[in-house]
Amino acid sequence: MTTAAATKAGRPEPSQRRRRSKLTLRNTLLGWSFILPNFLGFATLTLVPVVTLFYMSMTNWNVFGTATWVGFANFERLIGDGSFRISFWNTIYYAALHIPLTIVASLGLALLLNNKLRGVAFFRTAAFLPYITSIVAIAVVWNLLFSPDYGPINQILRAVGMANPPGWLTSSDWAMPAVVIVSTWRDMGYYMILFLAGLQTVPRELYEAARVDGAGAWQRFRNVTIPCLRPTMFFVTVMLTINSFKIFDLILVMTDGGPGQSTSVISQFIYRKGFEENQFGYASSAAVVLFFLCIGVTIFQFIWNKRRNV
Amino acid sequence: MTELLVPAEDRRALRKLAADPSPGPRKTDTRTPLQRVGRVALYTALLVAAAGLLLPFFWMVMSSLKTANEVFSVPVQWIPEVFVWQNYLDIWTESNMLVWMRNTLLLAVVVTFLQVLTGSFAAYGFARIRFPGRDILFLCYIGTIAVPWQSYMIPQFILLSDFRVANTLWAIILIQAFGAFGVFLMKQFYETIPEDLSEAARLDGLSEYGIWRRIMLPLSVPAIASLSLLTFTSTWNDYLGPLIYLRDPELWTIQLGLKSFVSNLYDTDYALLFAGLTISVIPIAIIFLLGQKYFVEGIATSGMKG
């Protein structure tokens, strides 16, 4: 408040200015004293590693911690590395399936639950439960559900008349779709909650007005619900994109990248090169690619959103 | 930068959602036959969806009560003929469950405590004290949301190896406890508490630390509950962190332990494995059912985790 008064009076008196700078100093110290305990951990364990990453990606750093500068050689090697290329495209493939599928499933669920019904709380809980369950439990249970000959899924498919149900995780064509099914099953409850919140903010009068104008259910959905959900949709897409690009645990436990390399993704490439083959420098250059993929797409989505808002 | 968060109106709606178990527009009581059909269709769709969501859990729990041979019977047997409760006793003796549980619980409690303590403390600095550079600093915190952990896990690992904490439980505590998430969630909540309250306390001679301790902390119990639940769950369920840092089987968490149990399971009992999996899910399921309201609120305030 003192600061505001001082600026309003034009050039502050010397004594006032001194008092103001003393206040700024006091506040700075006070503010930092609150932030410091957390900041020490955050800076050491997040900021420093993020900055180091870029240096490491330009070195030939092995397990003994001896780094030799190699410039962009790691990146050139990445471009020529067939298994990195496969991981890269698999990540994109996973994202391209997972993002739209999760949006449709969670929005659909939210639309169903946005009605006044008995037992809404039960359904919401049911939808959210997979999200808080551990990846290992999910992966193991689904792996066995998917097993080609004795798994319940294929038994059901055969029972409804499909003669040759897919081999799921044993087939290089079906392994990735199977992983996507599981991750969509897991994530939809979380995004459903976000959509449900978005739906609650749509003004009811708009629906009434559309109904008076003779708009059917589909038209009301297209012309009222979807435009009103824009901010939510944007947020969900950004989060889903980041989360899809960094997919790892589920794949590691379910398929370990196989069969062949059909489900190997960038995160797993980083893990394998870094922690299994001890090529820290080379793994870091793949991590830089992942970093820019996530940051780049996020920034792009922000700009796109801004442009459409204007 | 607030655009990264859940839009403000959504946040309000989410809070309402957390409080009110039956949301949705009200329908008039006069229903045409067509609307009745719609209702039936709606319930059918919901039941199908719920079945799809819950069936894997049902199968897991039921399989944990079967004999080893029954698990993969053709045709699939949903309900065991005889309930084999023995599986739940055997899993403790046939595996190291007790050690895994102890480690996981210890990590989850310590991480949650540190996350809440340092997070809420820092959040006060960000929310209530003005000083140059504050907003830039906060932007640094928020910016890390878009940076996946997998991209900097290697430099972080080397750093922690240099500190000689790799292969100790400290490593997990350090990498989980100081995330931006706690700061961020608590700051969002503090900004909803009226400034007048702290102003009055200041006039009464309370220091800023006193205001945090005596006023903000007690008022932010719901936010602390959400943060605790979300942090506890994600630490309990974390797989990659422990996989990288905890090499010694004595340090394994429940996730690593169960994964190793699966890998060694060529001739042993699948029913036993399902008992282990069910046990690993039960604490989280209970915590979730008790604190459902706070989970939704946590998403409301922050919209992110995981």
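Q: What makes the count of salt bridges between chain A and chain B come out as it does?
A: In this predicted model, the count between chain A and chain B is 0, because a salt bridge requires a side-chain nitrogen of Lys or Arg within 4 Å of a carboxyl oxygen of Asp or Glu.

Q: How many residue pairs are in polar contact across the interface of chain A and chain B?
A: The rule finds 11 such residue pairs, both partners being at pLDDT 80 or more.

Q: Which helix gives the most to the side of chain A that touches chain B, and how do the residues of that side divide?
A: Helix 2 of chain A, residues 14-56, gives the most, with 22 residues, while the side as a whole divides into 65 nonpolar, 26 polar and 7 charged residues.

Q: How many residues does each chain bring to the contact, and what is the area buried between them?
A: Chain A brings 98 residues and chain B 107 residues, and about 9400 Å² is buried between the two chains, with carbon and sulfur atoms giving 75% of that area. On the side of chain A, A:Phe34, A:Leu45 and A:Lys116 supply 9% of the area that the chain buries against chain B, more than any other three residues.

Q: Why is A:Pro165 called buried?
A: The relative accessible area of A:Pro165 is 14%, and buried means under 20%, so A:Pro165 is buried.

Q: Where does A:Pro165 lie, and which residues is A:Pro165 in contact with, leaving aside neighbours within four places in sequence?
A: A:Pro165 lies in the loop between helix 7 (152-159) and helix 8 (175-200) of chain A, and, with those neighbours left aside, is in contact with A:Asn154, A:Leu157 and A:Arg158.

Terms used
Residues are numbered from 1 along each chain as its sequence is written. Chains are lettered from A and ligands numbered from 1 in the order in which they are written. This is a predicted model: local features need pLDDT of at least 70, side-chain atom pairs count only at pLDDT 80 or more; totals for chains, interfaces and linings use all residues. Side-chain values use heavy atoms; hydrogens and water are left out. Contact means heavy atoms within 4.5 Å. Buried area is the accessible area (1.4 Å probe) that two parts lose on being put together, summed over both. A polar contact is a pair of N or O atoms within 3.5 Å; within protein, one must be able to donate a hydrogen and the other to accept it, and residues adjacent in sequence count only if both atoms are side-chain atoms. Helices (H or I, at least four residues) and strands (E, at least two) are DSSP runs, numbered from the N terminus. Ala, Val, Leu, Ile, Met, Phe, Trp, Tyr, Cys and Pro count as nonpolar, Asp, Glu, Lys and Arg as charged, and the others, Gly among them, as polar. Buried means under 20% relative accessible area, exposed over 50%, partly exposed in between (1.4 Å probe, protein chains only).
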